[in-house]
Each structure stands twice: as C-alpha cells, then as structure tokens.
Amino acid sequence: MQRKKMSLTLSSLLAAACLFAVCSSWSAEIPAPRERISINDNWRFTKGDADGVGDALSYPKLKDWLLPTSAELTTNAAILAKKLPAGNPVENISFAQNNFNDSQWRLLNLPHDWGVEGPFQQELRGETAKLPWMGVAWYRKHLEVPAADAGKKIFIDVDGAMAHATVWVNGQFAGGWPYGYSSWRVDLTPFLKLGADNVIAIRLDNPDKSSRWYPGGGIYRNVWLVKTAPVCVAHWGTAVTTPEITTNEATVMIQVKLDNDSDADATVTLDNQIFELNADLSRGKPIAAAPIHYQEIKMTARRPETMKAGIKFPNPKLWSLENPQRYVVVTSVSQNGKLVDTYETPFGIRTIEFTADKGFFLNGQHVKLNGVCDHADLGALGTAINVRGLERQLEILREFGVNAIRTSHNPPAPELLDLCDRMGFLVMDEAFDCWATGKNSDDYHVLYSDWHEQDLRALVRRDRNHPCVILWSSGNEMPDQDKPAGLVMAEQHRRIIHFEDPTRPCTAAVSSTKAGFTDFVNHFDVFGWNYKPHAYARFHQAHPAIPFLEARRPPR
C-alpha cells in the first residue's frame, strides 16, 4: 500500500440527526412528518427468565432470527438473503405476551443499569467490580399507537442495551442485536396494532465471561420511537464532507440516502440550507441566499436513491478546541409543492492532518494530543447514561489538561460525542476489544464472524459526521495482531471504514512489538501503540512515512 503524508478535511453533523422525506404518490394522504419520541419512561423490569426458555434463546440458536435486523449494514449476500422466519423461535413465552400480568415487576425509567444496583459479591470477579451485571433480564412497556399512524413506518431505535437483546412486539419476535455497545434499529411496523394497546418486551442476556471490565447490564442508553413516511431518509443516511477549505471559502458536500419502503414509485424534492448555529443551539444568520435544491427526485418502489450536491460559502468559522463553532443544515422535503418535512442538522467544519514527522494538525495548527482511555461507565453511577455526569467528567479531564478521548474499547454513547462536539474535545472512536480470537470465553469473538461488518459500519455511519472524531479504531490489543489472518481482518476493517467515511484515518491499538515490524502495519493509516515506548524510534526508522500515536502508555 502506497504511503504519503495524510491530509484530510471534513465537516460534521450530529449522528443522531436525520433528514425528513415524504411519502410517495401511492397515496392521496401524505403522512405527518417524522417523529422521534423518547420512550424511556414507565418500563416494567425483572431479573430472570420466563419458564421453559432454557437455552432456546442462546445466540447459536437465535442468530438466524437476529441477522435480518442487520441487513442495512452489510454487503454479505448470505445475510441479505435472510428473511425473518415466520412464527417465533420459541412459542408462547409468557413474558412476551400482551396478557401477561407484569404488575409485580419493578416500575422504572430508562436508561437503567441493573448491575450497579448490587449487591457486591466477593465471589464475583474483581476486574468487573464484583457486581451482579450478568444473567438474563426482561423489560416490558405498554404503548398505544394512534390509528392516525396508519401508513407510517414505526421503528424502535436503541442507543445501547447490554447485551444480546431481542425485541418482541405483541408476542411476536421482531428482531434484536447481540453487541451491547452498538446502536441499532428494529422495524415494529408489521407487529403493531393501531388504535390499541401494544406491548414491547425486550430480553437481555449477559454472559458471565463476556467482558474484561465492568460492562453494566440493562437498557443503559436511550430508547426512541421513530415514525416516518414510507419514503424517508435511510437510517443514518446522511454524510457531510468538506473537500475544500481555505480561510476564505469552504465547500460543503451534503449526501442524503433516501429509502422508498413502499410498493409504488415516488417523486420528491429536497432542499438544504446552511445557517450558523449559536451557542444556545438557535439558528444564526444564513450563509447562502438560496438553498441547495433537488428537483423531482424519481424513486423506484422498494429501492433507495442517494443524492449529493455541494455549496460554497465565504469566510467559514472553523471548529476548533478553543472555539467549537458549528453550523446547521436545514433540510426541507416537498411533495406536489407541499412542504412535508423539515429537519435541522448541526455540523462543524475543520481540517485534520496526521504526519509521520511533525505529528497532528487541526486547522493547520500543530496540536499535541493529551488523551485518556475512557471506559463507558461513570464510576459509582454505573453505565446508565447521565449527560450531566458525562459533562462533569469532561470538565474535570479538561482541568487535567486532557484534550482527547479514546472510547475504550467500544462504540460510545451518542451523548458523549455530542458533548465533545460542543465542548471541543478530539475523539478516537473505537469498535472492538477483540476480533476473531477472544480474551474471554464469551466476549466479542463469539460474534465476530457474523457481526463485525455490521457493528463496524454502524459505528462509522452513526458517528461519521461529528467534528470531534479524528480517528476510527478497529480494535484494542487484538490477539489476532500476530497471526496471518489478522492482516486480512485489518484490511477488511480498513476498507469498511473508508467506504463509510473516506475522510478520516483508521488505526488500532497494538500491543505486540512484533506486529509493528510486519506487513500488519500497512493496513492502517495511523499506527497505534499500546505500552511500547521503547519501540517508537525503531518503528519510525523502519516506517518513516507512517504516522503513529501512543494509544495507551505505561504508568510513569
């Protein structure tokens, strides 16, 4: 692989943001615009499993039921060919039924980490805090869906659930996701009863030997009900890049992928306009007099379309550590001359550059990365997302001189990246703690062959528009780093990352000195070292064109 000094430019919009689309002309009635509703409140919870389940919902027996959920995130033909089987993997599970009496279950609000509630147990492992985060638990929520939602697509978006989540709607298996750190979506539409009470049940299963640190247990991140028209922006379907930035002008490219989940063709129009974003998140002045306009986008039934266009504007205010200035794209979608959807998407503009001889540059200015490896828990608060807790953590780290965060060793909560965007931190966004070879008997290696592509694409596609993210890390101290198969895996990860985001470099945190002096090095854009300061000079001499960083250092 040819190497040269790496220079990248990009802008970002918040990963949670979506653009709104319209329904196709198949119906005279145009459904209402997209809604994104928090459904964190009023869940019933119990530890333990329903009678008679046994190992029938173990991953080996359930994976053919789960894989169809990931179809939008894979190019694997075998997975794309899979459809959700008819019926249920286990019939008549009591905890999933509408008529099950859950009144004796605990009533709580999400996010929730059952493990941190204790009690401490001395017989449990110290590395995972001697807390009872492992085992099976169920959550149930009653949800009324108005009859007026007929014709809409309705999804549940889960920012994170630990782990091996399965979703049941009115007693029917709807989908799920095994990796506890990924964000994911399940289509509820086929299973809902309109104008009636519905029950969503979510089962989690945390294997005992699945983690080397405290992972928590439960639906520990936010959960959303998303309602869209059949024609809408795809899940995480936007990407904003800035191929040209100078002190006088910036070119912003906005890419939007639209899905047409209907049985008829559709014609829509799309407009994007950019405004400054004030500190209070209100709109400032427009940066262009006229919006970017897409006229009469023709969409075939059941097929997506991707639209891309750019706009130049003068004197851009760059996102930086000292002044994390952002803008907002206001996207409007119309059908038959009628505005049907509007969505505001914050983003930032900046350049990044990694060099082998001079280090890292942000907006052309040299920046020393003073980083920390930041695990997902909040200490005594556990893993349940608490935005003020995250913000306080970043405030304290800044007082220590920290300007960079490594999300050790998994995809972070969306709220962490939102805060880093707003507060001016740089982020190394990490995917996995292992690849095909594990460190514990039940860790990610059990899922790797079936899910690494989908989990890696989910990470990059969700987070690719945050200005704080400067690196994608595909792993940490992977046992595969010294194996021939590791080279193949590393290159596959690099290609997935660059397909989803060609603007940022990929790296990994390597703990083997040997791996730094083999062809393994050539499958990363920036090489990451853990605990190997004695190898730095020799590495630079052997690979003078390859940038490297210290992803973790030994105590001084």
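In this predicted model, Tyr448, His452, Glu453, Leu456, Arg457, Val460 and Arg461 of helix H5 meet Met489, Gln492, His493, Ile496, Ile497, Phe499 and Glu500 of helix H6; contact here means heavy atoms within 4.5 Å. Sorted by type, the residues of this contact are seven nonpolar, three polar and four charged. Nonpolar covers Ala, Val, Leu, Ile, Met, Phe, Trp, Tyr, Cys and Pro, charged covers Asp, Glu, Lys and Arg, and the others, Gly among them, are polar.

H5 spans residues 445-463 and H6 spans residues 484-500. Both labels come from DSSP runs numbered from the N terminus (helices are H or I with at least four residues, strands are E with at least two). The two helices pack at an angle of about 35 degrees, and their axes are 9 Å apart. Those axes are lines fitted to C-alpha atoms over the stretch in contact, with angles running from 0 to 180 degrees between N-to-C directions. H5 passes H6 in a right-handed crossing, meaning that the near helix is turned clockwise from the far one by less than a right angle.

A few words on the ground rules: residues are numbered from 1 along each chain as its sequence is written. Local features need pLDDT of at least 70 and side-chain atom pairs pLDDT 80 or more, while totals for chains, interfaces and linings use all residues, and side-chain values use heavy atoms, without hydrogens and water.

Now to the rings. The whole structure holds 27 aromatic pairs, counted when ring centres of Phe, Tyr or Trp (its six-membered ring) lie within 6.5 Å; planes under 30 degrees apart are stacked, over 60 edge-to-face and the rest tilted. Phe95 and Phe100 make a tilted pair, 5.1 Å centre to centre with 55 degrees between the planes. Phe95 counts as buried because its relative accessibility is 12%, whereas Phe100, at 22%, is partly exposed. The cut-offs are under 20% relative accessible area for buried and over 50% for exposed, with partly exposed in between (1.4 Å probe, protein chains only).

The planes of Phe520 and Phe524 stand at 70 degrees, with centres 5.1 Å apart, so this pair is edge-to-face. Both residues are buried, and they belong to a cluster linked by ring pairs, which also includes Trp435, Phe517 and Tyr536.

Finally, look at Arg36, whose charged end sits over the ring of Trp224, 3.8 Å from its centre. This label requires NZ of Lys or CZ of Arg within 6 Å of the ring centre and within 35 degrees of the ring normal.
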